[in-house]
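Subject: Handover of a structure and summary of findings

Dear colleague,

Please find the structure below, handed over for your use.

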Amino acid sequence: MASHAHDYLLPARVTLEEAGELLSEHLDLRQGAVSSAERRFYDTFDGLLRAAGLAAAYERGRLSVTDSSSGELRAAAELAEPPERLLAYELPHGPLRGVLEPVVELRALLPLVHLATDVRELGVVDAADKIVVRIVLERPAVIIASGRRIGLAARARLGPVRGYEDELLDVRGTLEAGLGLVEAERTVLDEAVLAAGEQLGGVSSKIDLRLRADQRADAAAAAVLGRLLEVIEANLPGTIADVDSEFLHDFRVAVRRSRAVQRELKGVFPPAQLASHRGELRWLQQVTGPSRDLDVYVLDFDAFRLTVPERFQADLDPLLSVLRGRRLAARRAMVRELRSDRAREAISGWGSFIERLESLPEEGRVDAARPIGELAGERIVKVYRRMLRMGRAIDASSPPEAYHELRKKGKELRYLLELLAAPVFPGEVVKPMVRSLKSLQDVLGRHQDREVQVATLRSLAGEVSALPAGAVALMAMGVLVDWLLQDERAARDEFAAVFTEFASPEQRSLVKDTFR
Amino acid sequence: MSRVLATYNIKGGVGKTSAAVNLSYLAARGGARTLLWDLDPQGASTYLFRIRPKVRGGGRRLVRLKTRADDLIKGTDYLGLDLLPADFSYRHMDLALDGTKRPTARLARVLKPLYRHYDYIFLDCPPSISLVSESVFEAADALLVPIIPATLSSRTFAQLEELVAGGPQVLAFFSMVEVRKSLHREVMAELRARHVTMLGAAIPAADEVERMGVDRSVVAEIAPGGRAALAYEALWWDVKRRLDLGGRR
Ligand SMILES: Nc1ncnc2c1ncn2[C@@H]1O[C@H](COP(=O)(O)OP(=O)(O)OP(=O)(O)O)[C@@H](O)[C@H]1O
Ligand SMILES: [Mg+2]
């Protein structure tokens, strides 16, 4: 819709008044006075806004989201104070939430950089004194934590006015040819982030590794585990501070993936030492489990509510307050563990262990020197076949545990595929296989979640019934349980179809041909 | 999605354009992406925004969806506020609509692709009852109706409500009010008592509104904090509140 905005760097040491005078020698300008503004930029921990080409800034009582390349306003809302943390899903329904929520989902917006900027707004006008191009002269400075200011180069930002594209071209020509100005390579925001010593684009929890099929398996394992450990460490502080639910989630996924590598590539490790590290990662997994389960329960509560008839929905409130209470208690317990010496040592000990891995004697490390492609392929075939056997044994009378065990194996296969196979095997095989596995896992996951949720509800019944309006809440919970059981049955019914696809003859021969 | 608001009155010179311009300015200043479509061939709002009253291809091609409204829009001097300009050819808009299928659905179809780009779309209408106004009624979520407190204004109001029955919300407000005139006071009291949809905020007769035509600007810039500026703010607040009670398209 709107065209690009253009930032030109102004000559060093020129004041904004002087810059305005300079421009007015070449352009018909309406000039505003110099004012100064404080602007705080926000993004999620993993830089979702930047990745979506958006920038969020708080300035003078207003939080606005703009398109980074055009400068076009996407949405704004009044906000009395600059937030320390902002969750899109907690905003009132409206344009701002409408723009933010699909991009950041559950992630909190956090202060990214704080700028103090001298600003002078100019308008290039036509014969009717109508503004046809906006020019904002800016002299920004980053305010860092100590309060110190780091000055950035002053710039002239050309803002397009819709329907006056030719005039914009003319003004650009004047600035470039007439005044010899050059365009800035980075946005002010990126410049400020770098000046503050931060990383552009935030901290990702993605595992994007380059492995070679003929690489030694222990080197490949160390590389993957090293990156997973970075993710674990990066997400620990946000988990402890409860910044948003994704820190804990990403922390746990990285721990679980590390454990899968420990198990699946166990032949690359010295057996005796591996055992204790496995125990410690299992422990990290366990102490964070209840907190994650309750996070999910509270986050999904609105969806649960919708499963009961409208007039009973409010009756579930006591359940929500019990869940919230449990969640806080679980968090407290988790934070205590995560702050303990044991956790610190578990993580740092694991780190130095994988760092040393390649230099350890090869005795007892039977798979250490094998090419990772071969080893990963072998494991994938094994786990896949194991899943076939497990899945075939499942029928309508199977206990929930049978589904659960299959799901656990499925996770293992998924991590093998994503972490070790994706970098070394052809994408046209790995991707569809991950997709078909994912449909299977979705069904198994739903089955398992419902099973656990029903059990959780039962375990909370006593506490809920003791609350005022608890009896009514129990009735509504009964309706909810009924829905959960129905959905669990539905998942069982869907299992046959997704498993058949996963175990199809084509899929089986593809696995055989590719991975061995 | 947008809310479409049309300033409308069968009578001329009652303050439709003044309201459309000042309210759309306030909407944009509040952070909403706002568009004003100047439907009046006289082009009064277009003039106030210092924009050339010209659309490429004319009104006929526009309502026949031969040109895209998107390509004709101009940015005003105010951030977040765009204008779809008037064109002299709009004086034949009735004829242009008449040849189409379902003429009264036309304006809504022209606007439809714009809904996702704007939070508010204002339509500044010429004074008349015509195919254009019928088409406006179909496109609008609400009509903003300026009423000068005078004899017969109660009848105007009643006629209008009848005319658009089942269509957009009718949000009427008093315009060019002179509180020193006892006639104004009496008529206002009477209308407020009889019509629940009469808005509380009223626009006083004020020099700064007249000055808009000379300065080609909005009252918030001509006399910031003045009576008229405050009245338009109150009116906008009132309109938004009523809209939140009603629906959106
Ligand atoms: N509150 C007011 N105080 C003083 N003058 C006003 C006020 N409102 C409008 N006017 C003046 O009255 C004239 C008509 O106003 P405006 O153009 O807003 O009405 P309109 O209903 O759009 O007219 P038209 O039917 O011609 O489109 C203008 O000259 C305007 O400056
Ligand atoms: Mg008018």
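**The interface between chain A and chain B**

Chain A and chain B bury an area of about 1500 Å² between them, and carbon and sulfur atoms give 43% of that area. Please note that this is a predicted model. The contact involves 17 residues of chain A and 21 residues of chain B.

Which elements give two or more residues to the side of chain A that touches chain B? They are β5, residues 73–78, and β8, residues 131–143, of chain A. Of the elements concerned, β5(A) gives the most, with four residues. Sorted by class, the side of chain A that touches chain B holds eight nonpolar residues, one polar residue and eight charged residues.

Charged pairs also cross this interface. Side chains of opposite charge can pair when their charged atoms come close. Five salt bridges are found across the interface of chain A and chain B. Arg162(A) and Asp82(B) form a salt bridge in which the closest N and O atoms are 3.7 Å apart.

**Helix packing in chain A**

Two helix pairs of chain A are described here. In one pair, helix α7 (residues 245–264) packs with helix α8 (residues 271–299) at an angle of about 145°, and their axes are 9 Å apart. The crossing of α7(A) with α8(A) is left-handed. The residues of this contact comprise seven nonpolar, nine polar and eight charged.

In another pair, helix α14 (residues 400–421) and helix α16 (residues 470–502) of chain A pack at an angle of about 35°, with axes 13 Å apart. The crossing of α14(A) with α16(A) is likewise left-handed. On the side of α14(A), the contact is made by Pro400(A), Tyr403(A), Leu406(A) and Leu413(A). On the side of α16(A), Arg492(A), Phe495(A) and Phe502(A) take part. By class, the contact of α14(A) with α16(A) has six nonpolar residues, no polar residues and one charged residue.

Over all chains, the count comes to 53 salt bridges. One further pair is given here, formed by the side chains of Arg257(A) and Glu418(A), with 3.0 Å from N to O. Which helices does this pair link? Arg257(A) is in helix α7 of chain A and Glu418(A) is in helix α14 of chain A, so that the pair links distant parts of the chain, 161 residues apart.

Ala469(A) is not a glycine, yet has a positive phi of about 65°. Ala469(A) is found in the loop between α15 (427–465) and α16 of chain A. In chain B, Arg102(B) has a phi near 45°, a positive value in a residue other than glycine. Arg102(B) lies in the loop between α4 (93–98) and α5 (106–111) of chain B.

With kind regards

Technical notes:
Residues are numbered from 1 along each chain as its sequence is written. Chains are lettered from A and ligands numbered from 1 in the order in which they are written. This is a predicted model: local features need pLDDT of at least 70, side-chain atom pairs count only at pLDDT 80 or more; totals for chains, interfaces and linings use all residues. Side-chain values use heavy atoms; hydrogens and water are left out. Contact means heavy atoms within 4.5 Å. Buried area is the accessible area (1.4 Å probe) that two parts lose on being put together, summed over both. A salt bridge is a side-chain nitrogen of Lys or Arg within 4 Å of a carboxyl oxygen of Asp or Glu. Ala, Val, Leu, Ile, Met, Phe, Trp, Tyr, Cys and Pro count as nonpolar, Asp, Glu, Lys and Arg as charged, and the others, Gly among them, as polar. Axes are lines fitted to C-alpha atoms, for helices over the stretch in contact, and angles run from 0 to 180 degrees between N-to-C directions. A crossing is left-handed if the near helix is turned anticlockwise from the far one by less than a right angle, and right-handed if clockwise.
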